[in-house]
Amino acid sequence: MDILVLGNGFDLAHKLDTKYNDFLKYCQEKYSSIKSIGADNSNNFLYNNVWVKHFLNKTLAGDKWIDLENEIYNVILKLSELPYFKNSVSHGGYKDITFWISKDHMELNFDEVQKYFRTPSTFYSTKDCYCIKIKDFIEFLYNQLRDFVKEFEKYLLEEEKQKIKKIPKFNLRVNSDCVSLLNFNYTDTCEQLYKINFNYCSCGIKTKAVYVHGKINNEDECNMVLGTHSFDNEQIPVEFNIFKKHHQRHKYGTIEPYQELLNELKYPKKIYVPTFHIIGHSLDKTDHSILKHILLAKEKSVIKIYYHNEEALARMQSNIDLIIGEEEVMTKVRFIKQDDPKLGILIPDKELALTGN
């Protein structure tokens, strides 16, 4: 049985601009275009969303590439380290302090003298700043993040719709009659381009497509997960747990299909050796727990990690050691150049022709 484990590098290999930073670039261009018109944009997403402002300010400050998940964590960490949070939590409840959010970017200022409060429903206005209690402020930040996710979903739907017919296809070297998909992307590029049958294969396993972080759709409910790694051992108030990917996977129902696949691997109807094909995934820490359980589900599994350059290889080698340990890496893992004509998995047709395969 083959199990495809896909990260954003899979989409990038197919020339899709589906990175978070591609969306931020799109937001920056759209924001500049709208601003030049000079119309009233007080209800426009780009003018009101504090996360868009914060991320764009980071890029304007010189950060050409932003790890959004890590930056969300940085904001949470900065907030939790403020004396207002520490003192409030240590005394068993939050004090009524003032958070100010400016129109142009997110600022976290505090004022214990001015004692006034506005509910989140009044945030979308033309005033320069807004004030809110700590508990409601955390909820506000999360709701703003969800607005960001929903706009990102619209962008991905349009990006895929425009380019899917022009995407370069490869020879995907997997057993198409017995393959499951563990997709960390929001897009269904693999399913659209390659014929993969999800049914009971010869080893008695029910194969399936699992979108562990949700999937783009045209429905009202968005189940896309965007958050940060777990911080259970750190001094961060539990109210920030809603920003953890772990929390969101349960909240938006993306964990159940993963659990079903995991149970199939742990308790198979027939004995078999699964082969994992990891393509385009950086193996970063926000997904360590998900990857660890699935990769160690079978004792005699084979893990093939495909890389596109030497820099990616070095990063993947370090990360997989952290996920499953050096002993498991020694016995199970193989590192393969993804476009290698003999052993690769994304092979252009012209290279196959040259090798006679």
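This is a predicted model: local features need pLDDT of at least 70, side-chain atom pairs count only at pLDDT 80 or more; totals for chains, interfaces and linings use all residues.

Visitor: Which residue of β7 is the bridge partner of Asp2?

Guide: Thr275 is the bridge partner of Asp2.

Visitor: And what is the strand order in the open sheet?

Guide: Six strands, ordered β6-β5-β1-β7-β8-β9. The pairing is parallel.

Visitor: Which strands stand at the edges?

Guide: β6 (209–211) and β9 (333–337). Each has a single partner strand, so one side of each has no neighbour in the sheet.

Visitor: How many degrees does the twist average?

Guide: From one strand to the next, the twist averages 20 degrees.

Visitor: Helices now. Which strands does α10 lie across?

Guide: α10 lies across β1, β5 (179–183), β6 and β7. Its direction is about 135 degrees to β6.

Visitor: What about α12, which strands does that one lie across?

Guide: β8 (302–307) and β9. α12 runs at about 150 degrees to β8.

Visitor: Back to α10. At what angle does it pack with α11?

Guide: Helix α10 (residues 255–266) and helix α11 (residues 288–295) pack at about 25 degrees. Their axes are 9 Å apart. With the cut-off at under 35 degrees, that angle makes α10 roughly parallel to α11.

Visitor: Which residues make the contact?

Guide: From α10, Ile255, Tyr258, Leu261, Leu262 and Leu265. From α11, Ser289, Ile290, His293 and Ile294. Seven of the contact residues are nonpolar, two are polar and none is charged.

Visitor: Change of topic. How much space lies in the largest pocket?

Guide: About 1,200 Å³. The lining of the largest pocket has 47 residues, and the closest to the centre are Asn8, Gly9, Leu12, Gly280 and Ser282.

Visitor: Which helices each supply at least two residues of that lining?

Guide: α1 (8–13), α2 (20–37), α5 (68–80), α7 (134–163) and α12 (310–324).

Visitor: How does the lining divide into nonpolar, polar and charged?

Guide: 17 nonpolar, 18 polar and 12 charged.

How values were computed
Residues are numbered from 1 along each chain as its sequence is written. Side-chain values use heavy atoms; hydrogens and water are left out. On a 1 Å grid over the protein atoms alone, a cavity is a set of points where a 1.4 Å probe fits but cannot get out, and a pocket is an open set with protein on both sides within 12 Å along at least five of seven lines; lining residues have an atom within 4 Å of a point. Grid points are joined across faces, edges and corners, and a volume is the space filled by probe spheres set on the points. Helices (H or I, at least four residues) and strands (E, at least two) are DSSP runs, numbered from the N terminus. Ala, Val, Leu, Ile, Met, Phe, Trp, Tyr, Cys and Pro count as nonpolar, Asp, Glu, Lys and Arg as charged, and the others, Gly among them, as polar. Axes are lines fitted to C-alpha atoms, for helices over the stretch in contact, and angles run from 0 to 180 degrees between N-to-C directions. Angles under 35 degrees count as roughly parallel, over 145 as roughly antiparallel, 65 to 115 as roughly perpendicular and the rest as oblique. Contact means heavy atoms within 4.5 Å. Two strands pair if DSSP finds at least two bridges between them.
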